[in-house]
Amino acid sequence: MTNENRAIIYVLIAYLAIAVMGIFVKFASVTVPSSEILFVRFFLGAAFLLPIILKTKQLKINTTKPIYFILRNVAGISSMLLMFYIIKHLPVAIAVLLMNISALFVPIILLFFGIRTTLMQIILIFLGFVGVCIILLGSYSQDKIDSFYIVLGMFSALLAAIAYCSLQELNKYNSPQNIVFYFHIIGFIFVALLFGYEWVSLSFKSLLLLVCVGVFGLIFQIYVTKAFKYANASTLTPFTFIGVVFSGIFDAFIAKVHLPMTFWFGTLTIVVAVSLLAKNNAKQAKLNKIAKDRKKILSN
């Protein structure tokens with residue numbers, strides 16, 4: 001099996017897991033506050049990662065650029081909290097789709113990091129948001145969904161993009177395991193301190209649902225890390241939308257929610273835009289590297 005095929009299998013497992021996690025969040029949110037669900041997700045993640053961190057002795061975090069550490073954690077935790085909240089109010093397929101549009105915001109965020117956005121990137125970002133508008137303007141969206149939660153989901157995606165861009169900077173000074181571990185530690189402390197007052201006592205059924213949220217969240221974290229070890233984003237991005245398809249099947253057959261053709265057409269538009277954007281970003285990064293190497297050679 002080639003590395004690329006292995007990466008595709010891993011990313012399919014990861015995004016099927018995130019869709020299943022979303023389904024368990026949907027069921028749990030009937031009786032449990034979103035913040036409490038997220039706390040369990042973070043706590044189980046930290047408990048799983050702690051032995052690995054201790055074994056590899058990677059407890060120390062390099063805060064050479066503390067602003068990126070703060071941005072990654074504040075934006076990342078806030079994004080997840082909002083996403084867990086909107087899953088309660090939206091069909092799972094739409095919530096999972098909104099998770100995936102964060103890639104549309106990345107080139108915009110990178111402008112603030114001093115990285116130029118090309119005309120092609122702007123066109124593809126616009127195309128992606130056309131897809132979002134198609135979903136919003138569909139009869140299903142107009143009749144049965146409060147657009148407030150769609151906007152909230154888009155804001156969550158924007159925060160996820162900020163966290164991703166900050167993560168790229170943190171990766172230069174820290175290991176991925178180290179970054180993820182502290183994200184989980186800060187996450188469950190942050191959520192407990194700010195939202196612990198609203199938590200409720202858990203029944204056995206609720207506790208089981210929350211454990212499932214944590215387990216499938218961990219499966220996602222493990223396999224998405226493995227996937228990007230063997231292939232780049234331009235190859236894997238189209239496959240990340242498998243979670244939307246799986247969630248759509250859940251909405252149709254279990255939640256009994258009808259998703260019209262406008263939803264799937266809008267989703268297809270977003271998939272095309274995000275996939276082409278990933279390829280364009282990879283090409284642009286390669287050109288930037290060539291230009292940087294050439295400048296270094298000329299300066300010597």
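## Terms and basis

A cavity is a set of points, on a 1 Å grid over the protein atoms alone, where a 1.4 Å probe fits but cannot get out. Grid points are joined across faces, edges and corners, and a volume is the space filled by probe spheres set on the points.

The model is predicted: local features need pLDDT of at least 70, side-chain atom pairs count only at pLDDT 80 or more, and totals for chains, interfaces and linings use all residues. Residues are numbered from 1 along each chain as its sequence is written, and side-chain values use heavy atoms, with hydrogens and water left out.

## The cavity

The whole structure holds 1 cavity of 30 Å³ or more. The volume of the largest cavity is about 40 Å³.

Its lining (residues with an atom within 4 Å of a point) consists of I94, L97, L98, V132, I135, I150 and I270. Two elements, α4 (92–100) and α6 (119–137), each give two or more residues to this lining; α4 provides the largest share, 3 residues. Helices are DSSP runs (H or I, at least four residues), numbered from the N terminus. By class, the lining has 7 nonpolar residues, no polar and no charged ones.

## The surface patch

On the surface, F27, V245, I249, F253 and I254 form a nonpolar patch with about 510 Å² of accessible area together. Such patches are made of residues with over 30% relative accessible area and no salt bridge, with nonpolar side chains joined within 5 Å. A salt bridge is a side-chain nitrogen of Lys or Arg within 4 Å of a carboxyl oxygen of Asp or Glu, and areas come from the Shrake-Rupley method with a 1.4 Å probe.

Helix α12 (residues 242–253) gives the patch its largest share, 3 residues. F253 lies in helix α12 and counts as exposed (over 50% relative accessible area) because its relative accessibility is 62%.

Key. Patches are made of residues with over 30% relative accessible area and no salt bridge: like charges are joined within 9 Å, nonpolar side chains (Val, Leu, Ile, Met, Phe, Trp, Tyr) within 5 Å. Buried means under 20% relative accessible area, exposed over 50%, partly exposed in between (1.4 Å probe, protein chains only). On a 1 Å grid over the protein atoms alone, a cavity is a set of points where a 1.4 Å probe fits but cannot get out, and a pocket is an open set with protein on both sides within 12 Å along at least five of seven lines; lining residues have an atom within 4 Å of a point. Ala, Val, Leu, Ile, Met, Phe, Trp, Tyr, Cys and Pro count as nonpolar, Asp, Glu, Lys and Arg as charged, and the others, Gly among them, as polar.
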